[in-house]
Amino acid sequence: MATARSADLAGFAPTLLSADEFDRSRQFRVAADRDRFFAAHALKRRLLGVLLGVPGAQLRFERQWAGKPQLVGRELHFNLSHSGDWVVLAISRSAPVGVDIEQGDSALPEGMLSLALHPDDRLAREPDSLVDRFYTAWTLKEAVSKGVGIGLALPFTQLRLEPSAPTQYRCRHGDELWHAEHRKLEGGAHLAVACLSPWTRLRLLRIERGI
Amino acid sequence: MQCTATQPIDGVTPLRTSKLFGGEHSAAQPGPGGRGAFKAALVEPRPGMVVGLYNGNGRDELRVNLLNDSRYVHFSCLLGGTSQGRVRGIAIAPRVGEGHIGYAPGERFSVWYSPDYRHLELMLTPEMLGELVGDEFERIGDIQSGFIMRATPPGSRTIDAATRLAQRVEHQGASPLLLHAAVLEFLGWHFEGLNRNGVQDAVPLRERRRLLAARERLLEDLSAPPTIAELAMEVGLNQLKLKRGFRSLFGMGVYSLFQRHRMERARELLYHYNVTETALMLGYSNISHFSTAFRKQFGVLPGEARKNTLISVQCPSHLSSGISGSA
């Protein structure tokens with residue numbers, strides 16, 4: 001899993017992106033949104049390219065049924081998320097993966113509380129505040145939901161979080177058992193990753209200045 | 001031409017979809033493979049065009065592995081209950097009202113349907129689809145690749161069109177022209193949904209979740225809308241994102257959406273209440289404001305609409321559909 005601030009990825013050549021991605025990045029009217037979109041997709045192509053041993057610009061992507069992107073013809077799973085100026089990419093060689101980052105600096109969205117929590121949700125460590133509790137549950141469930149790849153069809157209220165270790169969780173979706181992990185980053189951002197197969201080692205890579 | 005892969009998979013020969021669904025339209029009812037877990041009604045308005053309506057039996061859920069031997073392009077819409085499936089490692093779980101386009105000859109599916117499952121499916125041969133939509137064809141995806149599985153966003157118009165088509169299938173003996181028209185309308189809204197897909201991509205999933213919550217909250221009480229500022233705070237989006245997101249995702253602004261639902265509700269209420277009562281229930285203290293808003297949406301004054309609905313309620317059903325349809 002790689003995290004970065006979008007400003008640190010601004011040096012990538014625009015030609016790294018596909019024409020379609022580049023066009024989409026131009027659609028953002030706010031410069032910060034545009035930069036973050038560029039950073040996320042540049043990071044995706046650069047890192048996946050390194051792992052697969054091909055130039056990032058040559059990678060081809062397609063969309064699954066409900067829009068989840070995947071690599072064409074290659075067995076490498078990935079998922080992207082961004083929030084504020086954070087960009088995060090999760091990669092798994094073995095199974096579908098989902099990731100979510102929330103800057104978590106806004107006031108607690110009261111209207112979302114009832115949508116985010118399952119009555120029997122249990123968190124590994126009781127968070128300091130209701131805001132933290134909300135974003136912990138939210139990012140974990142969003143990561144699972146993005147991993148499953150059915151988007152909004154998966155209501156958070158039906159996902160129950162069950163802690164398995166200090167920062168780790170299990171979460172059942174139908175017949176599938178998803179494994180998830182939650183971390184709090186410097187500056188208070190919440191980060192969660194979920195994968196269909198358990199992992200022995202989660203590598204967290206912090207990218208500071210280009211790669 | 002049917003795909004005839006009959007190799008046992010994991011030691012179990014999967015059921016063919018044509019057996020279960022009558023997908024090759026020869027069977028009016030599912031064969032023994034259907035196990036009575038649901039009922040299928042199939043009509044074929046033209047060669048190469050089949051409409052199927054599937055209803056769970058209300059008691060049993062159905063979990064089954066399938067081999068797709070259909071060579072049709074499927075346009076479907078879940079009308080009720082739950083359906084889940086997996087093909088090529090992709091999870092498929094449509095929400096009610098969500099459109100779905102699938103073309104997967106020879107693929108293996110594992111599916112699960114709830115007992116209250118209700119599902120409409122329009123099946124077109126690629127040739128028939130080409131004839132109907134011409135150059136638009138490639139917008140559904142690359143058919144040469146032999147595999148298309150994609151969702152189109154839910155929209156009230158897709159659901160309306162699907163519901164109308166389902167009614168035409170259920171009440172067989174309906175005019176072939178109307179059945180055909182309902183097919184084209186359903187197909188048309190699917191393609192409209194594809195238009196919105198591109199726009200929707202610009203709204204990240206997290207924002208979509210919040211926007212859906214905002215929509216729910218907005219429509220909770222049709223007599224008193226929250227302010228944009230309240231709504232934005234409650235779902236944790238800024239006002240600009242909320243307003244833009246509504247336009248991208250739902251195709252209209254926050255208050256236009258509210259007003260549209262309010263007027264739809266007004267039309268329902270006018271079956272049972274007079275104009276003044278309806279206006280008051282929907283938070284209008286000024287009847288002429290209500291009447292103006294109603295006419296803006298439906299082209300007739302609420303009093304006239306009420307008169308029409310009363311006539312249609314008193315008429316025999318086969319006449320009333322003509323009358324209320326014109327309102």
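The exercises below, each with a worked solution, concern the nonpolar cores, the chain interface and the salt bridges of a predicted model.

Local features need pLDDT of at least 70 and side-chain atom pairs count only at pLDDT 80 or more, whereas totals for chains, interfaces and linings use all residues. Residues are numbered from 1 along each chain as its sequence is written, chains are lettered from A in the order in which they are written, and side-chain values use heavy atoms, with hydrogens and water left out.

**Exercise 1.** Determine which residues touch the most other members of the largest nonpolar core, and where this core lies.

*Solution.* Begin with the term: a nonpolar core is a set of buried Ala, Val, Leu, Ile, Met, Phe, Trp, Tyr and Cys residues joined through side-chain atoms within 4.5 Å, where buried means under 20% relative accessible area, exposed over 50%, and partly exposed in between (1.4 Å probe, protein chains only). The largest core has 82 residues, and Leu242(B), Phe246(B) and Phe290(B) touch the most other members. Because domain 1 (15-201) and domain 2 (205-326) of chain B both contribute residues, this core lies between them; the domain bounds come from an automatic or database domain assignment.

**Exercise 2.** Describe the interface of chain B and chain A, and state which three residues supply 27% of the area that chain B buries.

*Solution.* First, count contacts (heavy atoms within 4.5 Å): 29 residues of chain B are in contact with 33 residues of chain A. Next, take the buried area, which is the accessible area (1.4 Å probe) that two parts lose on being put together, summed over both; it is about 2600 Å², of which carbon and sulfur atoms give 55%. Of the area that chain B buries against chain A, Arg206(B), Arg209(B) and Arg210(B) supply 27%, more than any other three residues. Finally, three salt bridges (a side-chain nitrogen of Lys or Arg within 4 Å of a carboxyl oxygen of Asp or Glu) are found across the interface. Arg210(B) also forms a salt bridge with Glu102(A), at 3.6 Å from N to O.

**Exercise 3.** Compare the surroundings of the two partners in the salt bridge of Lys184(A) and Asp132(A).

*Solution.* The side chains meet at 2.8 Å, N to O. The pair links distant parts of the chain, since Lys184(A) lies in strand S9 (residues 176-184) of chain A and Asp132(A) in helix H4 of chain A, 52 residues apart; helices (H or I, at least four residues) and strands (E, at least two) are DSSP runs, numbered from the N terminus. Lys184(A), at 45% relative accessibility, counts as partly exposed, whereas Asp132(A), at 12%, counts as buried.
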